[in-house]
2 protein chains.
Amino acid sequence: MNTHLRRYLPVFDWGRTYTRQTLSNDVIAAVIVTIMLIPQSLAYALLAGLPPEAGIYASIAPILLYAIFGTSRALAVGPVAVVSLLTASAIGQVAEQGTAGYAVAALTLAFLSGGFLVLMGIFRLGFLANFLSHPVIAGFITASGILIATSQLKHILGVSAHGHTLPEMLMSLFAHLSEINWITVVIGLSATTFLFWVRKHLKPTLRRLGAGPLLADILTKAGPVAAVVTTTLAVWVFDLDAQGVRIVGDVPQSLPPLTLPGLSPDLVGALLVPAILISIIGFVESVSVAQTLAAKKRQRIDPDQELIGLGAANLGAAFTGGYPVTGGFSRSVVNFDAGAETPAAGAYTAIGLAIAAMALTPLVYYLPNATLAATIIVAVLSLVDLSILQKTWGYARADFAAVAATILLTLGLGVEVGVASGVTISVLLHLYKTSRPHVAEVGLVPDTQHFRNIHRHSVETDPSLVTLRVDESLYFVNARFLEDLIQKRVTEGCAVRNVVLMCSAVNDVDYSALESLEAINQRLIDMGIRLHLSEVKGPVMDRLKRSHFIDAMGGEIFLSQYDAWAALSNPDVSKAAE
Amino acid sequence: MNTHLRRYLPVFDWGRTYTRQTLSNDVIAAVIVTIMLIPQSLAYALLAGLPPEAGIYASIAPILLYAIFGTSRALAVGPVAVVSLLTASAIGQVAEQGTAGYAVAALTLAFLSGGFLVLMGIFRLGFLANFLSHPVIAGFITASGILIATSQLKHILGVSAHGHTLPEMLMSLFAHLSEINWITVVIGLSATTFLFWVRKHLKPTLRRLGAGPLLADILTKAGPVAAVVTTTLAVWVFDLDAQGVRIVGDVPQSLPPLTLPGLSPDLVGALLVPAILISIIGFVESVSVAQTLAAKKRQRIDPDQELIGLGAANLGAAFTGGYPVTGGFSRSVVNFDAGAETPAAGAYTAIGLAIAAMALTPLVYYLPNATLAATIIVAVLSLVDLSILQKTWGYARADFAAVAATILLTLGLGVEVGVASGVTISVLLHLYKTSRPHVAEVGLVPDTQHFRNIHRHSVETDPSLVTLRVDESLYFVNARFLEDLIQKRVTEGCAVRNVVLMCSAVNDVDYSALESLEAINQRLIDMGIRLHLSEVKGPVMDRLKRSHFIDAMGGEIFLSQYDAWAALSNPDVSKAAE
């Protein structure tokens, strides 16, 4: 088996060493994950505005394809909350919920997203995801959690409402308050309260009662199943659907159908940007989960191959009645904790879900939407973490500004504007920071060869020699800053005859900075001052050698700052500064 | 006089030391500049699509206002070629040339541009201009020169044509070829040839004939005046205007009128973005000219105060029948070479131009447009410098890509798209470069305390200790790169027990990088490996101390890399690598 094939098809890597023990571990994990996934898939389909079966279909083919192409051994791929919200927001702009066009648009979105991910993987463009800084992601996930929870309130109240931003949702809910169905409210609030209790208190209670840690964990994760069973029975026994409680209703009993995404230019044009956004956000979420789990077993995931794995999963969803998917946090953690050792566990989960799709769907006929909404609310409220605001405020104001803007704009103007603004703001703030770099004027620490900031340390200086250490790469954004800085410094001191730029922290000098250095050099020559450089790094020096700057320089390039000092300072004049 | 007032009104700075000798120098410079400015102002107004007097009016009030608020002692403010082109491009989208609406839109553009510059100055936002990298500016100026020269061909040929991009202009010229006026062509080509000859050969010829350098220079700069006088006389004597040669015609004899810019929301909305673009490009051009001239006399200009000076000049243009202005290269150099010592020289130039506007305008009635076009073509072709392509290709491919894109997009899609794309591309390429920083694995150079790249130098290493030196600030764009890199390195070597990140070139660690460091630390702990840092800079350390990272670290923070080596390496295992 050649390594090239193994790079693109990791299945050949782990498949060769598959043992009976691995099989048994994988199957156990698959059973546990399947039970957890059934209500979750139905719920996320509801969140995306799609019929419930779409959530189950979106978990079958994608899981199988990821098992073949993905590199993580524990990642479980399928519908997740944030991507479901993004899907609803994107498709809501091109079709009405409940129409055939809406479902087709969901396939198109999955197709475009899958194609984009595969292309990014082939061209190894995984680094593009890095434009989403951690604070922007944290802010976006928190705001999405709030939006998702709010969007589910209509199911808890039993009213119709709509909207893609927080003000729209709240105003729409308020306008429909008179339609409240009180039986739905009772079911919804009971389910929510029960699920919160399960999440917070069931595990410690079970442990106190003597259950093993794994069993306690599995029973806790099965909480939604209990809520589903109980409320479904309640609706069926008391005929509550006749009293206005909305239920899931008929779900076709079938394997995932073969479907074709719509590819009309209008539809593709309208969904392309949302598809790119969904791809990148899904990829970021998935890779960070996969990396965390891989590290626990000293394994490694390949981000560019992950793009291909996730892309294949989304293309699979597009042709089997699904919608955009990605690696989910909670399902992956359950898979990992339950002992999954290889991606084959995913394949067994897919088989379990396929059986459920064929055999179990009649059982959810009486399942109330309010219960599904409750599972969503409880799941997403764990995503809401406003402490990121306080953490970034304490650490760096630029990061705080990015988080705060992302949260406010996502809530107020919707997910797409929110993410785009967050990215733009982080890039601009980074450029702003590097546009005014930290610059220290340095002098010699007595009896050493070290040079430190004259304002922080007691050092020797020479009025005829100014040494500036710029703590940033020199590039277009700070090139003119450097010109102003040096001009200002040399017009202050009349005795200056030599200026040294100490370049130990300069990792790059781009063409703009080169021209600024040339201009600085020329202006200093006009004033009778020589410009020198010291401690220039290898890669920067290689590049400078290709320009005419070195020939035009009034001064020299010194290997170390001490060499510069030794050559240029006048021992009679230099004095200790405090 | 308090210093605060002097900061905002530099006139109080130089005004206090004004002597009879300074006055005499300033007056001589003003006479020379005035003679040069009359044809230039008419020509640039033609380029902007405005009546000729607008060019003269745009040189009077702006020069006076800049003399009060500006900091450069030699900068001459008025219409310039690139800004005139930008003006034509911006106004062409909202009004027809020759209509009253067109002239009002020019006033609005000057007003918006002036307001924006003043606001930028007050909020000290001059650094925003830094987003235009030198290669982008060079590419833009070159492409603008080509566009301007092409736009003037219609005047040389005596046809009507239009368009704001190179393909549009060429196609329009081609479509109107049948209208060629051959007398105009003769005038235009003669004037162009004459002016090229003057520019290239007159000065050396005069020097050979014994003229002093200053006189030779002034006579050379007066070349356009000679062309204007000769062709005007030719048209008048031979009655060429009756044969279809287009002439300047009636120019009102008056001081600059009091005008009001149009401020309807539609007009402001349409012109706001172009006004910002014109402001920034004008500012960049002006500051680089001013800085070059100031350095020659060891003076300094204050970029933020320059914004206020240029802003005031543009506001002045808006209320006195002008259009957007900035500090021009050629007029400033003439002013400087002619001996101007203070901004008062500008005020005397304004008086000279005011006299010209009242007394001399009837003299340009018969001046052919073709002559003005010839002066523009000869002036702007000196801006065209395609060598920037070759220079950046040799120096750095990223800079080459930015130049090439700016030139092609400016020519093909117009000035606004060109500049915007250039800025976007430079920012993206910078981010891309920093997203994959240079990382060296280092070892100890024997018998020293220095650590160098193990692949370039013969150094000591220890298989249990990996030291990585990252040559870039750690921030969101490369945070995940760092995670992948370390994960990859430690999964390769089974014996690794300590990882040291050497931070001598790390100038910043933002919140994303902090979280990545926390994730790396946690994953390494899961693998039984400890993460350490060494040579962390003061400002970075201050910030890290405000986080929980240092408490959570598996390892320590060492002052120097040698301390880390001394504490962590196992002398029995370490060996020399080649």
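The expected span of a helix is 1.5 Å times one less than its number of residues. In this predicted model, helix α3 of chain B, residues 20–47, puts that rule to work: with 28 residues at 1.5 Å a residue, α3(B) should span 40 Å, and its end C-alpha atoms sit 39 Å apart, which agrees. Even so, α3(B) has a kink of about 35° at L37(B), shortly before the proline P39(B). Just after α3(B) comes G49(B), which takes a positive phi of about 80°.

Turning to how the two chains sit together, chain B can be laid on chain A by a turn of 180° and a shift of 0.0 Å along the axis, with an RMSD of 0.1 Å. The two copies are thus related as by a two-fold rotation axis. Within chain B, A505(B) has the C-alpha nearest that axis, 2.4 Å from it.

As for the interface itself, 57 residues of chain B are in contact with 57 residues of chain A. On the chain B side, at least two residues each come from α7 (134–157), α12 (265–296), α17 (387–395), α19 (415–435), α20 (476–492), α21 (511–526) and α22 (538–545). The largest share, eleven residues, is supplied by α20(B). Sorted by class, the side of chain B that touches chain A holds 20 nonpolar, 17 polar and 20 charged residues. Of the interface residues of chain B, 100% are also interface residues in chain A, so the copies meet through the same surface.

Inside chain A, one helix pair is worth a look. Helix α9 (residues 182–208) and helix α16 (residues 369–381) of chain A have axes that come within 8 Å and cross at roughly 35°. The crossing of α9(A) past α16(A) is right-handed. From α9(A), the contact draws on T184(A), I187(A), G188(A), A191(A), T192(A), L195(A), F196(A) and R199(A). Helix α16(A) answers with A370(A), T371(A), A373(A), A374(A), T375(A), I377(A) and V378(A). Taken by class, the residues of this α9(A)–α16(A) contact come out as nine nonpolar, five polar and one charged.

Terms used
Residues numbered from 1 in each chain as written. Chains lettered and ligands numbered in written order. Predicted model: local features only at pLDDT ≥ 70, side-chain atom pairs only at ≥ 80, totals over all residues. Contact = placed C-beta atoms within 7 Å. Helix = DSSP H or I, 4+ residues; strand = E, 2+ residues; numbered from the N terminus. Nonpolar A, V, L, I, M, F, W, Y, C, P; charged D, E, K, R; others polar. Least-squares fit on C-alpha atoms with pLDDT ≥ 70 in both. Bend = angle between axes of the 7 residues up to and from the residue. Axes fitted to C-alpha atoms, helices over the stretch in contact; angles between N-to-C directions. Left-handed = near helix turned anticlockwise from the far one by under 90°.
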